[in-house]
Every structure is written in structure tokens, then in C-alpha cells.
Amino acid sequence: MNKSIFFDVDNTLVCREKNMISKSTIQAIKSLKKKNINIAIATGRSLAMVKQESFYDLFKTIISANGSLITVNDEVIYKEYMNQRLVRDLLTVFEKNQTPYCIHFLHESKGKLNQAWVAEFSIKYNMPLGYLEEDILNQIEKYEIFQINAYIKDSEIEMMRQSYPQFSFVKLIDIEDGYDIFNKHCSKGSAIRYLRSHQSGKEMEYYAFGDGFNDLEMFAEVDYSIAMGNGCDLLKERATYVTDSIHENGIYNALKNLKLI
């Protein structure tokens, strides 16, 4: 039976502490390609940020911006950007409250790098950001925005969710009070469901590797879900299999134990 494997990026493929991908993971990916196993990235990162990764050219299918964008060989096959009016309303609140944030478009990401949280976010995720225009609120109609990251205190998050029910607010697990914000009906899971619905030909088994909260929906759409040892507890509870941490060759070991390489 044919197989497709989806990999999260941050702290699954790439160790963000060192901003590097291990030799064992690269070896595993190349072994999968030699066996003609379909491999894809499924990440909360923007497409522009994925393209900055050294291993980008090993993958032809990229799910980015938490499922809001799917590309195959750099061709967009699905996109669902955020409602521009609602984005303006949300950013107006952020500007009024001086909330640090950055926004992600199709080919670039921007933020106010003079804000400490934005600068930390950029360094933590190895995400070079462009300069966000001061009059961004007057230019929203120019942009297709697929994702926003923002500093939101846990005590404020329920109010934000109630105020903007059309958006999902997913907590980042390795940066203080950081949240992913994107279309409510988009997720890594919805993207995989889209790809599965357009799959033709032979039967396919689906696998997914992840570590964070935004991988929960992805795990629900595959036959075999593998949580990294360094992942959040909730994801581990939902996983078919929990592998070693990213520091202990987790991807390579899981693929060996599952007899995929």
C-alpha cells in the first residue's frame, strides 16, 4: 500500500534551540524518498518561512500557515486567507493596546521589530521579518493575510476568542504568551482532508509527526500519528505512537520502528 507522511517543522523536523535539522532526520527523509514514499510538510509557518529552511527542496508538497495554504511544486493548489475586515478590526485592537504582533502573507512576513516580543519571536523561530508599515491598517485590502502571531496573555485569550469566533487562537508551546491566529475552519487537519479527497489511484496510508497543539487536528486525519518525545502532553495522549525527543533522533527512530525505512 502507498504511504504519505506529513511532518511538522518546529521542534519536529527542526530543533529550534539550535535552529538545525539533525543528520539522522535528513538521512531518514532521503530514505523515504528512495522508497517512493510521499512526504510533505505540514506547518504553522508561513510559506516564506518554510522556504528559508535548508531542507525545503526535499519536499514538493507544503501545507503552511496552519492549513490555510497548500502548494505542490511551488504551485498554489489551495488558499484561504483571513477576512480582511476582521483582520483590520483585530489589528486595530492590537495597535490600540500596543500588543506586539507579526503578520504573514503569501511570500513574506512582517512585524514591528522594535517590539521586544516580535524580535524574540523572530530569533526563536529563525524567522527574518520585513518592516511592517506604520499605516498597515489603511493597507489591509492590498494583502492576502494567512496568519498572525501575537503576544496575548492567557488571562485575555478567552475574551479574544469570544470577540473573534471566526479565528482560531492556538498557543505556541515554546514562547511566552505567544499565539497563532488563523482561519477557524483551516487547520493542518483540514488541509490533509483536502489532499485526501483529491487523492486518486491506489489506496494510501497516512502518517503524521508533530509536537504541538496545532498538530491535534492533523492527528485526527491520519491513520498513524506519531508524537515527538518533546511534544505537549495532550498531543502524546492522542498519538498512535510516541517516539523519542528531537534531541534523541525521534523521527529516525520512529520510522525504523514502524518499518518505514
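**Close-up 1. Aromatic pairs in the predicted model.** This predicted model holds 13 aromatic pairs. One of them joins F7 and F209, whose rings are stacked, with 5.1 Å from centre to centre and 20° between the planes. Because F7 belongs to strand β1 and F209 to strand β12, this pair ties together parts that lie 202 residues apart in sequence. Both F7 and F209 are buried.

Close-up 2. W117 sits in helix α4 and Y151 in strand β9, so the pair links distant parts of the chain, 34 residues apart.

Close-up 3. Six strands make up an open sheet with mixed pairing, in the order β8-β7-β6-β9-β11-β10. At its edges are β8 (130-131) and β10 (167-171), each of which pairs on one side only. Further in, β9 (residues 147-151) and β11 (residues 178-183) run antiparallel and are joined by four bridges. To find your way along these two strands, look for A150, whose bridge partner in β11 is Y179.

**Close-up 4. Two helices on the sheet.** Helix α3 (residues 84-97) lies across β6 (101-104), β9, β10 and β11, and runs at about 20° to β9. Helix α4 (residues 116-124) also packs on the sheet, where it touches β6, β7 (109-111), β9 and β11. The direction of α4 makes about 125° with that of β9.

**Close-up 5. The buried side of helix α9.** Which residues of helix α9 (residues 250-257) are buried? They are G250, I251, A254 and L255. These four cover an arc of only 125° around the axis, which means that they are on the same side of α9. As a reminder, an α-helix has 3.6 residues a turn, so residues three or four places apart point the same way. The buried residues of α9 pack against β1 (2-7), α1 (23-34), β12 (204-210), β13 (224-227) and β14 (241-242). Just after the helix, K259 takes a positive phi of about 60°.

Terms used: Residues are numbered from 1 along each chain as its sequence is written. This is a predicted model: local features need pLDDT of at least 70, side-chain atom pairs count only at pLDDT 80 or more; totals for chains, interfaces and linings use all residues. Side-chain values use heavy atoms; hydrogens and water are left out. Two strands pair if DSSP finds at least two bridges between them. Contact means heavy atoms within 4.5 Å. Axes are lines fitted to C-alpha atoms, for helices over the stretch in contact, and angles run from 0 to 180 degrees between N-to-C directions. Buried means under 20% relative accessible area, exposed over 50%, partly exposed in between (1.4 Å probe, protein chains only). The arc is that of the directions from the helix axis to the C-beta atoms. Rings of Phe, Tyr and Trp (its six-membered ring) pair if their centres lie within 6.5 Å; planes under 30 degrees apart count as stacked, over 60 as edge-to-face and the rest as tilted.
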